[in-house]
Amino acid sequence: MDCTRNRINEKKKEIVLFFKSLGLDVRTKTKALGHQGFFRVNRIDISKDIKEERIIPTLIHEFAHYITYKKKTLCKDFNPIFLRNNEYIYDELIKVTHFVDANSTLEKLYIQKENIKNTIKYHEKIIKNKYPEFKRNEKFKQFQKYSKNSAARHLVKYDAIKILHWFSYKTYSIINLEQEFPDMPKEFVSYLKLKSCQRKQASITRKINKMNKYYSSPTELFARFIEGLYIDIDKTKELAPQTYDLFKALYDNNYYTPIENLFEIVNIKI
């Protein structure tokens, strides 16, 4: 274990010295904006909390962002996906991204979304047993009438609310619905829980869209490809054979000279 740690630290020092020789400011004891690493103009931050085995891959990943940045300063239309934007390149790089970063599949989010979808159907079924004309995206007149003078009417739009009663506030929430409204018919309880689930579903959908946009951006695809070459070059070539060939052609023509220098340090042979 100590030998591995020493080897990583020595390699990290060598990489950092190389980065600094290019004029980069490298900081390895930051919060990195909540990420493992972060690149901004001529500066690379690495999280102080990063796992040991992730230090070098993260340095390589952030250096790929630096390369993209430098290329874009020379050519505003620079596309880091090897000067071409063909569908097969995109598809291959998505596979590499999923290999390099398991979180990029967003599996947990999709499972959450499916569970919420099933919960919505469950509550909808309860409501329709008594109100067959109910439609989840239309006003529920029967509930509106029931809750006209009740704090429960606010829970259609919010998961929790505070209502001023005389000189103090009372909190109502979806979580404690049955305790706070013990006489509420089960159909109306299900309605409020359904509306809460719809809000959660919309929030998860927004997060999925945001994360997919992030992971599929050309700069991120490029950075994870370069990272993948370090983690397992054979697996990366297997997942992205045509993309690798394009990269190698540019690499052999000294298009990515700083990456060549970095790969020499970490013993990657293209």
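These legends accompany close-up views of a predicted model. Local features need pLDDT of at least 70, and side-chain atom pairs count only at pLDDT 80 or more, while totals for chains, interfaces and linings use all residues. Residues are numbered from 1 along each chain as its sequence is written, and side-chain values use heavy atoms, with hydrogens and water left out.

**View 1. The open sheet of β1, β3 and β2.**
Three strands form this open sheet, in the order β1-β3-β2. The pairing is mixed. Strands pair if DSSP finds at least two bridges between them. β1 (25-30) and β2 (37-40) stand at the edges with a single partner strand each, so one side of each has no neighbour in the sheet. Neighbouring strands are turned by 15° against each other on average, direction ignored. β1 and β3 (residues 43-47) pair in the parallel sense over four bridges. Arg27 stands opposite Asp45 in β3. Helix α2 (residues 55-74) packs on the sheet and touches β2 and β3. The direction of α2 makes about 15° with that of β2. Strands (E, at least two residues) and helices (H or I, at least four) are DSSP runs, numbered from the N terminus.

**View 2**
Strand β4 (residues 160-165) pairs with strand β5 (residues 168-173) in the antiparallel sense. Six bridges join them. Ala160 stands opposite Ser173 in β5. Two residues lie between the strands of the hairpin. Trp166 takes a positive phi near 60° there.

**View 3. Helix α4 and its cover.**
Helix α4 (residues 107-130) has 24 residues. From first C-alpha to last, α4 reaches 36 Å, close to the 34 Å expected at 1.5 Å a residue. The expected span is 1.5 Å times one less than the number of residues. The buried residues of α4 are Leu109, Ile116, Ile120, His123, Glu124, Ile126 and Ile127. Buried means under 20% relative accessible area, exposed over 50%, and partly exposed in between (1.4 Å probe, protein chains only). What covers these residues includes α7 (186-215). Met211 lies in helix α7. Met211 is partly exposed, with a relative accessible area of 24%. The C-alpha atoms of Met211 and Glu114 are separated by 17 Å. The two residues are 97 residues apart along the chain.

**View 4. Helix α10 and its buried face.**
Helix α10 (residues 241-252) has 12 residues. Its first and last C-alpha atoms span 16 Å, close to the 16 Å expected at 1.5 Å a residue. Thr243, Tyr244, Leu246, Phe247, Leu250 and Tyr251 are buried in α10. Seen down the axis of α10, these residues fall within an arc of 160°, so they line one face of the helix. The arc is that of the directions from the helix axis to the C-beta atoms. Just after α10, Asn254 takes a positive phi of about 60°.

**View 5. The crossing of α8 and α10.**
The axes of helix α8 (residues 218-231) and α10 come within 12 Å and cross at roughly 95°. That makes α8 roughly perpendicular to α10 (65 to 115 degrees). From α8, Phe225, Ile226 and Leu229 make the contact. From α10, Thr243, Tyr244 and Phe247 take part. Contact means heavy atoms within 4.5 Å. Axes are lines fitted to C-alpha atoms, for helices over the stretch in contact, and angles run from 0 to 180 degrees between N-to-C directions.

**View 6. Helix α11 and the residue Asn267.**
In helix α11 (residues 257-265), the buried residues include Ile259, Glu260, Leu262, Phe263 and Ile265. Asn267 follows α11 and has a positive phi, near 60°.

Technical notes. Parallel < 35°, antiparallel > 145°, perpendicular 65-115°, else oblique.
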